Structures are given as C-alpha cells and as structure tokens.
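Please keep the sequence and the structure in view while reading.

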Amino acid sequence: MATLNAEHINPFLMAAKKVLQDMCFVEVSIQKPSLKETKFGPDVWVIMIGVTGEMRGQVIMAMTEKNACDIASKMCMAEVKQIDDFSASALSELGNMIMGNAATVFSSNGIGIDITPPTLSHGQVSFTNTYAKNLCIPLIFGDTKVEMYLAIRQE
C-alpha cells in the first residue's frame with residue numbers, strides 16, 4: 001500500500017480547517033494524525049466522499065451525534081437538536097465544500113482530482129479498505145471534534 005506524504009495530506013487539512021472556520025465561525029486545531037480503523041459506533045455520523053483522478057480513494061469525516069448537531073446548528077444558524085433532512089443536507093454540503101476546496105488546492109499544485117457526491121451514514125458501520133491505509137486526523141474546535149480519515153493514494 002502506498003503511503004501519503006505531506007503534499008497529499010495538507011490540501012485536505014487546509015480545506016477542512018478553512019471551511020469549518022468559515023462556516024462554523026470557530027478556530028480549528030489540527031491534532032496529531034494516526035493510523036486507525038474505520039469502525040464507527042451507533043452514535044456517529046459519517047460523511048464519505050470518493051476521490052478519483054490522479055489520486056484515488058476516499059475521505060471520511062466522522063463525528064458524534066452531539067457534534068453533528070453542533071456543526072449543523074452553526075451552519076443552519078438555528079439550534080439543531082436532532083439531525084433531520086435539512087441538517088443532514090447541511091452536513092453533506094460541508095463535505096462537498098471541504099472536498100471542493102481540497103480539489104482546488106490540488107489543481108493549483110498540478111494534481112487533478114474529482115470528487116464523488118457525499119454519502120451520509122448514521123449508526124454502527126465499518127469500512128474495510130485494502131487500497132490504502134486510513135490516516136485519521138482529529139480536527140478540534142471548542143468541545144467539538146471531527147475525525148478526518150484519508151485513504152488516498154496517488155496514481
């Protein structure tokens with residue numbers, strides 16, 4: 001399996017930090033990355049977006065129900081106590097904005113990627129990936145944590 005280097009990781013982190021800061025009006029802290037399995041419990045919302053082109057794989061963003069409600073509340077500018085269709089759409093759009101920004105950064109670096117529409121999942125789920133290792137990078141703001149999983153390799 002190919003490994004990721006900073007040139008492949010940083011555009012995703014830069015995009016996630018910028019979009020979360022712009023959409024949620026928060027200061028985002030990027031934590032230490034680690035290799036981690038993509039297994040999620042019953043209280044977790046998962047946004048998964050595929051990457052194609054000169055890099056291939058998927059990016060997963062995972063957060064607890066509480067954190068998903070906090071993020072959706074900030075994006076919708078109204079209190080969200082439970083994820084409904086409207087707030088689920090906001091979370092999916094968050095994934096689209098992050099990945100669209102990342103694709104722009106990659107393009108300016110001469111790497112062409114495309115993204116798939118987001119898949120939003122809630123509840124106990126796990127993903128097995130033999131294509132690339134899952135690098136997990138926690139993104140923290142206030143009491144909220146989003147884990148970004150990168151399973152990408154350059155073609």
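## Basis of the description

Helices are DSSP runs of at least four residues, and they are numbered from the N terminus. The model discussed here is predicted.

## Ser87 in helix H3

Helix H3 covers residues 85-108, and Ser87 belongs to it. Is Ser87 buried or exposed? Its relative accessibility is 1%, so Ser87 counts as buried, since buried means under 20% relative accessible area.

The side chain of Ser87 has a polar atom 2.8 Å from the backbone nitrogen of Asp84. When neighbours within four places in sequence are left aside, Ser87 is in contact with Ala72, Val80 and Gln82. Ser87 is also among the H3 residues that take part in the contact with helix H2.

## Packing of the helices

Two packed helices are described by the angle between their axes and by the distance between the axes. Helix H1 comprises residues 6-24, and its axis comes within 8 Å of the axis of H3, with a crossing angle of roughly 135°. This angle makes H1 oblique to H3. The crossing in which H1 passes H3 is right-handed. On the H1 side, the residues making the contact include Pro11, Phe12, Ala15, Val19 and Met23, while those of H3 include Leu94, Met97, Ile98, Ala102 and Val105.

Helix H2 comprises residues 65-76; the axes of H2 and H3 come within 9 Å and cross at roughly 85°. The two helices are therefore roughly perpendicular to each other. H2 contributes Ala68, Ile71, Ala72, Met75 and Cys76 to this contact, and H3 contributes Phe86, Ser87, Ala90, Leu91, Leu94 and Met97.

## Cysteine residues

How many disulfides are there? The count comes to 0. Cys69 is in no disulfide, and the nearest cysteine sulfur to it, that of Cys76, is 10 Å away. For Cys136, the closest cysteine sulfur is in Cys24, at 18 Å, which is too far for a bond, because a disulfide requires sulfur atoms within 2.5 Å. Cys136 counts as buried because its relative accessibility is 1%.

Cys69 lies in helix H2 and counts as buried because its relative accessibility is 5%. Cys69 and Lys81 are 12 residues apart along the chain, and their C-alpha atoms are separated by 6.0 Å. Lys81 is one of the residues that Cys69 touches; the others are Val80, Gln82 and Ile83, not counting residues up to four places away in sequence. Val80 and Gln82 are also in contact with Ser87.

Cys24 lies in helix H1 and is buried, with a relative accessible area of 2%. Cys24 and Ile71 are 47 residues apart in sequence, while their C-alpha atoms are 6.6 Å apart in space. With neighbours within four places in sequence left aside, Cys24 is in contact with Val19, Ile71, Lys74 and Met75.

## Residues with positive phi

Most residues other than glycine have a negative phi. Phe25 is located in the loop between H1 and strand S1 (29-30). With a relative accessibility of 63%, Phe25 counts as exposed, because exposed means over 50%.

Met77 likewise is not a glycine and has a positive phi of about 55°. This residue is found in the loop between H2 and H3. Met77 is exposed, with a relative accessible area of 68%.

## Pro118 in a loop

Pro118 lies in the loop between strand S6 (113-115) and strand S7 (119-122). Its relative accessibility is 22%, so Pro118 counts as partly exposed.

The C-alpha atoms of Pro118 and Ala103 are separated by 14 Å, and the two residues are 15 residues apart along the chain. Leaving aside neighbours within four places in sequence, Pro118 is in contact with Ile47, Met48, Ile49, Ser92 and Asn96.

Key:
Residues numbered from 1 in each chain as written. Predicted model: local features only at pLDDT ≥ 70, side-chain atom pairs only at ≥ 80, totals over all residues. Heavy atoms only, no water. Buried < 20%, exposed > 50% of the residue type's maximum accessible area, 1.4 Å probe, protein only. Polar contact = N/O pair within 3.5 Å; in protein donor to acceptor, adjacent residues only side chain to side chain. Contact = heavy atoms within 4.5 Å. Axes fitted to C-alpha atoms, helices over the stretch in contact; angles between N-to-C directions. Parallel < 35°, antiparallel > 145°, perpendicular 65-115°, else oblique. Left-handed = near helix turned anticlockwise from the far one by under 90°.
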